[in-house]
Amino acid sequence: MLAALTGLGLSTAAGLNAYIPLLVVGLIANLTDRIRLPQEFAWLSNGWVLGIIGVLLLAEIVLDKVPVVDSVNDMIQTVVRPASGGVVFSATEAAARLDGSTWMSHSPWLSWVLGIGIALAVHVMKTTARPVVNVSTAGVGAPVISTVEDAGALGMSLAAIFLPVLVVVGVAVLALLAWWAIRKVRRRRALRRSPA
């Protein structure tokens with residue numbers, strides 16, 4: 001159960017920012033014994049790989065703070081974020097082995113599918129909400145919401161690794177935010193359709 005929560009939390013974080021959970025998992029695996037990566041994911045803790053992820057993270061942090069550029073970046077990230085979600089969910093399958101959980105071990109493809117699906121769902125929510133935030137705040141909200149997303153991705157990544165039970169709270173908060181964003185988009189569309 002804890003392995004599934006770890007995978008859920010890391011994949012959710014990847015939907016917000018592809019590079020934060022990759023960097024967190026790689027650094028923790030490199031510097032501690034808290035995460036033991038399966039052999040096929042050992043590359044994730046390599047210093048060069050971590051350096052490249054760090055550079056990509058810095059670019060993502062800057063680009064995501066600029067209105068309009070953030071939407072273009074979100075289009076590019078439509079492939080990157082789900083792939084990152086699949087990697088972090090599958091890489092932490094090591095936790096499943098430590099837990100003695102067999103349902104992921106017997107179906108290795110399942111962890112990829114779950115990770116990709118979760119990250120994609122969060123990414124779609126983010127991509128849908130961001131233009132609404134940009135328009136409704138005249139672009140001023142872009143750096144604020146981006147910073148909140150980055151902090152959420154970092155917090156969710158750390159919670160997924162160190163306190164997986166908190167992932168349930170994080171996902172509930174994201175679901176609430178998604179519900180709010182969907183209502184706001186529907187309300188805005190209804191106002192545009194109504195006769196003047």
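Helices are DSSP runs of H or I with at least four residues, numbered from the N terminus. The model is predicted, so that local features need pLDDT of at least 70 and side-chain atom pairs pLDDT 80 or more, whereas totals for chains, interfaces and linings use all residues. Residues are numbered from 1 along each chain as its sequence is written, and side-chain values use heavy atoms, without hydrogens and water.

**Exercise 1.** Determine which helices supply the lining of the largest pocket.

Step 1. A pocket is an open set of points on a 1 Å grid over the protein atoms alone, where a 1.4 Å probe fits, with protein on both sides within 12 Å along at least five of seven lines; lining residues have an atom within 4 Å of a point.

Step 2. At least two lining residues come from each of H6 (108-136), H7 (141-162) and H8 (166-193). H8 gives the most, eight residues.

Step 3. The lining comprises 20 residues, with Met125, Ile145, Glu149, Leu174 and Leu177 nearest the centre of the pocket.

**Exercise 2.** Describe how H2 packs against H4.

Step 1. The axes (lines fitted to C-alpha atoms over the stretch in contact, with angles from 0 to 180 degrees between N-to-C directions) of H2 (residues 19-31) and H4 (residues 69-91) lie 9 Å apart at an angle of about 30 degrees. H2 is therefore roughly parallel to H4, a term for angles under 35 degrees.

Step 2. Tyr19, Pro21, Leu22 and Val25 of H2 make the contact (heavy atoms within 4.5 Å) with Gln77, Val80, Ser84, Val87 and Val88 of H4.

**Exercise 3.** Which residues of H2 meet H7?

Step 1. The axes of H2 and H7 come within 9 Å and cross at roughly 40 degrees.

Step 2. From H2, Ile20, Pro21, Val24, Val25 and Ile28 meet Asp150, Ala153, Leu154, Ser157, Leu158, Ile161 and Phe162 in H7.

Definitions and conventions
Angles under 35 degrees count as roughly parallel, over 145 as roughly antiparallel, 65 to 115 as roughly perpendicular and the rest as oblique.
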